Amino acid sequence: MTHAAIAGAGLVGRLLAWRLARSGWQVSLFDRAGRRDRTSAAHVAAAMLSPLAERASADAEVFALAQRAMVLWPEWLDELHQDSGQAVYHRREGTLVVAHPADRPMLNQLEQVLRQKLPAAHHAAVKPVGRERLGELEPALAGRFENGLHLETDGQLANDQLLEGLSVALDRLRVDWHEHCAVQSLADGVVQTADGPVPADLLIDARGIGAQQAWSGLRGVRGEVLTVECAGLSFNRPVRLMHPRYQLYIAPRPGHRFIVGATELESEDAGPVTLRSVLELGSALYSLHPAFGEARVIDLAAGLRPAFDDHRPALRQQCGVWELNGLYRHGYLCAPALVEQLLRQAVR
Ligand SMILES: Cc1cc2nc3c(=O)[nH]c(=O)nc-3n(C[C@H](O)[C@H](O)[C@H](O)COP(=O)(O)OP(=O)(O)OC[C@H]3O[C@@H](n4cnc5c(N)ncnc54)[C@H](O)[C@@H]3O)c2cc1C
């Protein structure tokens, strides 16, 4: 058996540890936080899997990774179910994009941009919908919007269930998980940790924004989300509201819960959500449907998306260490494809 040591137990680190452990590796996993601490981007994310909606701003490489990830997610979630006994909420009902009458030009512009940027094979999945169809797709929004865009092949998953399922699977696969154990450096077959040096055959750095000293140009992009519970309201898919000031999305979760986000601020402040963000996200949400006025705010969370200047993920090997970082706002969208690439190159 060969031994892998992974720094960071966020999204990338957990997925890598699981794939390696289930193929027979002995795995040591180190994280500066506890497994349920909500300090990683992985815990804060809305976990929408939206290759189409994101293509408006993301480049072709991200779109190609996302296409592969959309194939891998259902397979991996089935395997995770076998390994952990836990099912993860995962849907592929598309994204519904709507706009208030004054902002309708933004909706038309989005459609044009997507038709320019998407390969022709995906054009059919970008469906303009009128009032009636919109009400069929999302009965809770019936009569509230005249037009929308249904991006039919987008999806979503519940990241809290995924991270918990991975945690259970890693325990069952006897991964040696060191919580509250920061990694100072990795090089030449040794991980330097707060508890001392650990030698391994395969070293992987998956520390997200925590790897800033090792990657020049890596920055944090602050994002804030609210979780609300609104009895009586349910959506079948993530809904995005076009707005000149905020790009609001509402990602539904079981139990009439909704993740509402997200701010995108050029700031590395990981402190609590600001009042301004609560007001802006909250009022945009209320404008989508007045029933949200009575929603209970269950949680407020902020996190840092690890990003490079070009907003593309990067995979490299240096001093015997495999490093995967810069997943920005596309971690859930792309992670399985990137993890697959890393393992294909590192484990021959
Ligand atoms: C508000 C918000 C919304 C988002 N929504 C989406 C979305 O809808 N869809 C999507 O695809 N993506 C989304 N993302 C992006 C996604 O969450 C990230 O791209 C992804 O989590 C990055 O994964 P990672 O493993 O590289 O980093 P992280 O998930 O941040 O994990 C890094 C881990 O490394 C640990 N660590 C750091 N330093 C050290 C150290 N020195 N030693 C040991 N451990 C260390 C941290 O504690 C953490 O557990 C969102 C992000 C945010 C913030």
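1. Domain separation. In this predicted model, the centres of domain 1 and domain 2, taken over C-alpha atoms, are separated by 27 Å. Domain 1 is made up of 3–68 + 158–216 + 313–346, and domain 2 of 90–156 + 219–307.

2. Contact between the domains. Domain 1 contributes 22 residues to the contact, and domain 2 contributes 34 residues. On the side of domain 1 that touches domain 2, at least two residues each come from H2, strand S3 (48–49) and helix H3 (51–54). H3 gives the most to this side, with three residues.

3. Where domain 1 touches domain 2, its residues comprise 14 nonpolar, five polar and three charged.

4. Position of the ligand. Why does the ligand lie between domain 1 and domain 2? The shell around the ligand draws residues from both domain 1 and domain 2, and the ligand therefore lies between them.

5. Residues around the ligand. The ligand is surrounded by 41 residues, of which the closest are Gly10, Gly208, Gly210, Gly223 and Gly331. By class, this shell holds 23 nonpolar, 13 polar and five charged residues.

6. Elements of the shell. At least two residues of the shell around the ligand are supplied by each of helix H1 (11–22), helix H2 (41–44), strand S14 (219–229), strand S18 (296–307) and helix H9 (331–346).

How values were computed: Residues numbered from 1 in each chain as written. Predicted model: local features only at pLDDT ≥ 70, side-chain atom pairs only at ≥ 80, totals over all residues. Near = placed C-beta within 6 Å. Helix = DSSP H or I, 4+ residues; strand = E, 2+ residues; numbered from the N terminus. Nonpolar A, V, L, I, M, F, W, Y, C, P; charged D, E, K, R; others polar. Domains from an automatic or database assignment. Contact = placed C-beta atoms within 7 Å.
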